[in-house]
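Please look through the sequence and the model before reading the points below.

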Amino acid sequence: MERVQKIIANNGYCSRRKAEELIKKGKVRVNGEVVRELGTLAGPNDTIMVDDFVIGKTEKVYILLNKPRGVVTTTSDDKHRKTVTDIVNAKTRVYPVGRLDYDTTGVLLLTNDGELTNALLHPSNNIEKVYIAKIKGLITEGHRKTLETGVVIDGKKTGRCKTRLIKLDKKTNTSVVALSIHEGRNHQVKNMFKELGYQVIKLRRDSVAFLNCDGLKPGEYRYLSIKEVKVLYNLINNK
């Protein structure tokens with residue numbers, strides 16, 4: 001038996017906090033009865049519904065999208081911009097795992113597996129994410145080492161990371177740098193460079209754990225194999 005809000009979140013419908021709000025508003029029913037208590041428990045044989053949506057009765061779906069520029073990482077947008085879920089024609093409702101900025105491209109996972117989503121995003125699991133940044137200016141060796149040891153953003157130092165210089169172009173006064181980080185703070189890569197005086201011109205997430213967008217053009221996606229999902233779960237379970 002588990003708390004209803006945890007079951008809702010683990011099935012990818014929404015976050016646990018949002019599920020608690022839905023319960024308080026009387027939007028959740030267990031076996032046909034409206035529940036409003038956050039301590040309500042349910043088991044595998046119970047039917048949980050949020051509005052008219054049945055929780056836990058759909059197949060788990062795992063999608064890898066090569067996110068293009070000019071698309072927001074959300075399920076809806078009040079400015080009527082295209083969202084990542086507009087691109088993905090999934091068999092069931094899916095949600096992005098984390099966020100990529102409007103102008104950032106690359107690897108983005110979408111799923112209805114809330115348990116995996118929470119685990120991949122939790123800082124303690126140290127899931128590696130590699131970004132390729134094109135910046136204005138010729139980055140110095142000293143600044144690369146500063147990035148690796150940590151940059152103070154909003155009073156908090158970023159964790160240690162790895163960097164790799166891909167290109168220095170004196171003609172255009174630009175650099176291309178790869179960063180391997182294990183955190184997921186808002187606009188982290190852009191802010192790390194900004195603190196050192198560099199503007200990010202282009203940013204692409206090249207990989208998450210072992211997953212990359214090889215063979216996928218911007219806007220294209222594919223479903224993960226059972227083996228890939230198992231490897232992701234092994235990664236987080238062995239932390």
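1. A salt bridge is counted here when a side-chain nitrogen of Lys or Arg lies within 4 Å of a carboxyl oxygen of Asp or Glu. By that rule, the side chains of Glu141 and Arg144 form a salt bridge, with 2.9 Å from N to O. Side chains of opposite charge can pair when their charged atoms come close.

2. A word on the basis of these values: this is a predicted model, in which local features need pLDDT of at least 70 and side-chain atom pairs count only at pLDDT 80 or more, while totals for chains, interfaces and linings use all residues. Residues are numbered from 1 along each chain as its sequence is written, and side-chain values use heavy atoms, with hydrogens and water left out.

3. Both Glu141 and Arg144 belong to helix α5 (residues 141-149), where they are three residues apart, about one turn of the helix; helices (H or I, at least four residues) and strands (E, at least two) are DSSP runs, numbered from the N terminus. Buried means under 20% relative accessible area, exposed means over 50%, and partly exposed lies in between, with a 1.4 Å probe and protein chains only. Glu141 counts as partly exposed because its relative accessibility is 44%, whereas Arg144 counts as buried because its value is 13%.

4. How many salt bridges does a search of the whole structure find? The search finds eight, and another of them joins the side chains of Lys18 and Glu21 at 3.9 Å, N to O.

5. Asp101, Asp103 and Lys190 are linked in a network of salt bridges.

6. Finally, a patch of positive charge on the surface gathers Arg69, Lys134, Lys136, Lys167 and Lys202. Patches are made of residues with over 30% relative accessible area and no salt bridge, like charges being joined within 9 Å and nonpolar side chains (Val, Leu, Ile, Met, Phe, Trp, Tyr) within 5 Å. Lys167, in strand β13 (residues 162-169), is partly exposed at 46%.

Note on methods. Accessible areas come from the Shrake-Rupley method with a 1.4 Å probe; for residues, only the protein chains shown count as cover. Lys and Arg count as positive and Asp and Glu as negative; His and the chain ends are not counted. The place of a charge is taken as NZ of Lys, CZ of Arg, CG of Asp or CD of Glu.
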